[in-house]
Amino acid sequence: MSGEGSLDKIQFERWVLFIVGLAFLAFALIKVNDDRVLEAGGIATIAIMCLVFSNLTRFKKFKGLGFEAELWEEKQQEAADLIDLFKTYTSEIVMNSVMQGRWDDGGAWGARWKLFNELTSRKPIPGVDYDFTDLRKAVEDMFIFDMCMNLYGVVRNPLDAARLVVSNQIVSETDLAQNFEKQERLNSIKLHVDQPLEACRTGNLAKMMLEVARVGRLRFHEEFDVEVEFDEVRIERLKKIAEMSDKRPLQVTDELIRWADHQEE
């Protein structure tokens, strides 16, 4: 009977931890949605730990928030499961912060990186390495995406202007066959990167944007004798983003955060 009573007590404690963890997690997500990211950090940590420890099923003992545990069975699998849970809850909170209101004004990337660093630096099981490589890449993808999209018009607008000049030239000409051929060539000039978010996740978006600018400028000059002028200061920024995108993990600086938040010095 005492054994059954102990098991019932353990089950009850696990459910209490789970419910408390869910409550704190919901509160943390509310803070994130309100763009109060830094406040969410501490709450999220409590939520994650409650949820992780609610899944303890085969430990004889543990001390505090770190394990000094002896396992009844399947030690390695149990520990791996707990680590995966910790990583899952951490990733959920961080990515919710990253995806929430990215287009709003009033810089938010500084707070998001602080939340990422705070949560991924936690080590509930001492001596265990937590690999957040995938999460960091996902966060960096969105960080780079925002930096690039803030320069979208730097490439697109001059190309659109050149296209308008050529279109007006075509309309003013009377040779229909020649007009059709010119229109076909004009339509084949790429003005932007297709599916930029996916391109950022799978490749170097900044480099692709630079290539669109380079090819577009060359073709308008050679095929239509129209010059395309880009803002060279912004193009240089895009080149820096392209270079750092090939050298991950990123060294996140205040300057990069301003670029991602579309804030000029």
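Predicted model: local features only at pLDDT ≥ 70, side-chain atom pairs only at ≥ 80, totals over all residues.
Which residues in α9 meet which residues in α10?

Residues are numbered from 1 along each chain as its sequence is written, and side-chain values use heavy atoms, with hydrogens and water left out.

**View 1. The contact of α9 with α10.** Ala206, Lys207, Met209, Leu210 and Arg217 in α9 meet Glu232, Ile235, Leu238, Lys239, Ile241 and Ala242 in α10 (contact: heavy atoms within 4.5 Å). The residues divide into seven nonpolar, no polar and four charged (nonpolar: Ala, Val, Leu, Ile, Met, Phe, Trp, Tyr, Cys and Pro; charged: Asp, Glu, Lys and Arg; polar: the others, Gly among them). The axes come within 8 Å and cross at roughly 140° (lines fitted to C-alpha atoms, for helices over the stretch in contact; angles run from 0 to 180 degrees between N-to-C directions). That makes α9 oblique to α10 (angles under 35 degrees count as roughly parallel, over 145 as roughly antiparallel, 65 to 115 as roughly perpendicular and the rest as oblique). The crossing is left-handed (the near helix is turned anticlockwise from the far one by less than a right angle).

**View 2. Helix α5 packs with helix α10.** α5 spans residues 133–149 and α10 spans residues 232–245 (helices are DSSP runs of H or I, at least four residues, numbered from the N terminus). Their angle is about 165°, with the axes 10 Å apart. The two are therefore roughly antiparallel. α5 passes α10 in a left-handed crossing. Ile144, Met147 and Cys148 in α5 meet Leu238, Ile241, Met244 and Ser245 in α10. This contact has six nonpolar, one polar and no charged residues.

**View 3. The largest cavity.** Its volume is about 60 Å³ (the space filled by probe spheres set on the points, with grid points joined across faces, edges and corners). A cavity is a set of points on a 1 Å grid over the protein atoms alone where a 1.4 Å probe fits but cannot get out; lining residues have an atom within 4 Å of a point. Among the lining residues are Met149, Tyr152, Arg156, His192, Leu205 and Met209. α6 (152–172) and α9 (205–224) each give two or more residues to the lining. By class, the lining has nine nonpolar, one polar and one charged residues.

**View 4. Backbone at proline 249 and glutamine 195.** The peptide bond from arginine 248 to proline 249 is cis, with omega near 5°. Proline 249 is found in the loop between α10 and α11 (254–260). Glutamine 195 has a positive phi of about 45°. Glutamine 195 lies in the loop between α7 (176–187) and α8 (196–202).

Technical notes: 1 Å grid on protein atoms, 1.4 Å probe; cavity = no way out; pocket = protein on both sides within 12 Å on 5 of 7 lines; lining within 4 Å.
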